[in-house]
Amino acid sequence: MMNQEKMMKTAKALDTLFRIARKIALIALIVLAIAVVTVTIVHFVNPEATIGTDFSSLDVGPVTFSVAPEAAPSNRQVLVLTWIISLFAAGCGLILYDILGRAGKILEPMKEGNPFHPTVANNIRRIGILILILDLVQQVTDFALSLYANHFIREMLPADASVFIESNFQLSLTGVLVFFILLLVSYVFQYGAQLQQLSDETL
């Protein structure tokens with residue numbers, strides 16, 4: 001009984017934390033959307049307005065490149081990159097928002113003292129899938145930005161521009177590892193739910 005009370009108390013605390021984190025994620029998405037739209041409107045109203053301060057050294061996803069100050073990308077080129085990176089960030093933010101929501105659904109029955117509710121295993125499995133998708137999208141985007149930076153950025157700068165590009169792309173299997181760990185955990189909870197159902201039917 002004591003352990004069950006601790007579980008319920010912890011689940012309630014975590015549920016509150018995840019609810020707050022979910023609201024913060026939603027606010028961040030809204031702020032990102034407003035910022036990108038505002039910068040875009042300002043650019044079209046006043047194309048000469050400066051976006052940022054110094055573009056002689058830029059980080060584009062996994063790539064860092066440096067150019068001579070007089071050959072720095074134009075506002076329009078920076079705006080295109082801003083939209084690409086912002087769309088990626090928004091996609092990751094939406095996935096994170098969904099993950100936090102499903103984490104709350106996992107905690108819902110635990111707050112009532114029932115860790116082996118039939119929905120828990122499904123939500124754990126879905127969180128694993130979302131984390132895998134998030135990791136794959138991030139790596140594909142990083143790789144695409146590497147190609148973009150190495151090819152397109154050279155095309156959009158003057159032919160005589162002094163350019164140095166360093167690729168920082170690294171393949172990671174963290175998302176795959178987390179997915180399989182959560183998959184195994186979901187099987188444990190699924191088995192627990194089956195045992196709970198048999199126990200309830202016996203009683």
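A salt bridge is taken here as a side-chain nitrogen of Lys or Arg within 4 Å of a carboxyl oxygen of Asp or Glu. By that criterion Lys-111 pairs with Glu-108, their closest N and O atoms being 3.5 Å apart. The model is a predicted one, in which local features need pLDDT of at least 70 and side-chain atom pairs count only at pLDDT 80 or more, whereas totals for chains, interfaces and linings use all residues. Residues are numbered from 1 along each chain as its sequence is written, and side-chain values use heavy atoms, with hydrogens and water left out.

The protein contains 4 helices and 3 strands, where helices (H or I, at least four residues) and strands (E, at least two) are DSSP runs numbered from the N terminus. Read from the N terminus, the order of elements is α-β-β-α-α-β-α. Of the 203 residues, 34% count as buried; buried means under 20% relative accessible area, exposed over 50%, and partly exposed in between, with a 1.4 Å probe and protein chains only. A contact means heavy atoms within 4.5 Å. Among contacts between residues at least 6 apart in sequence, 81% join residues at least 24 apart.

H2 has 37 residues and reaches 52 Å from its first C-alpha to its last, close to the 54 Å expected at 1.5 Å a residue; the expected span is 1.5 Å times one less than the number of residues. Gly-113, which follows H2, has a positive phi near 85 degrees.

The salt bridges come next. The structure holds 5 of them. Lys-111 and Glu-108 both lie in H2, 3 residues apart, about one turn of the helix. Lys-111 also forms a salt bridge with Asp-15, with 3.0 Å between the closest N and O atoms. This second pair links distant parts of the chain, since Lys-111 is in helix H2 and Asp-15 in helix H1, 96 residues apart. Lys-111 counts as buried because its relative accessibility is 13%, and Asp-15 is buried with a relative accessible area of 5%. Glu-108, at 36% relative accessibility, counts as partly exposed. Asp-15, Arg-19, Glu-108 and Lys-111 are linked in a network of salt bridges. Elsewhere in H2, Asp-98 and Arg-102 are 4 residues apart, about one turn of the helix, and their closest N and O atoms are 3.5 Å apart in a further salt bridge. Asp-98 is partly exposed, with a relative accessible area of 27%, whereas Arg-102 is buried at 16%.

The interior may be considered next. In soluble globular proteins, nonpolar side chains tend to be buried together. A nonpolar core is a set of buried Ala, Val, Leu, Ile, Met, Phe, Trp, Tyr and Cys residues joined through side-chain atoms within 4.5 Å. The largest such core has 13 residues, and those with the most contacts inside it are Ile-99, Ile-106, Met-110, Val-120, Ile-124, Ile-127 and Phe-189. H2 and H3 each supply at least two residues of this core, and the largest share, 6 residues, comes from H2.

Val-120 lies in helix H3 (residues 118-156) and counts as buried because its relative accessibility is 0%. Leaving aside neighbours within four places in sequence, Val-120 is in contact with Ile-106, Pro-109, Met-110, Pro-115 and Phe-189. Ile-99, not counting residues up to four places away, touches Ile-127, Leu-130 and Ile-131. Phe-189 is one of the buried residues of H4, which include Phe-179, Leu-183 and Ala-193.

H1 gives the most to the patch, with 3 residues. Trp-83, in helix H2, counts as partly exposed at 34% relative accessibility, whereas Leu-87 counts as exposed at 57%. Ser-86, also placed in H2, is buried at 10% relative accessibility and touches Leu-32 and Val-36, not counting residues up to four places away in sequence.
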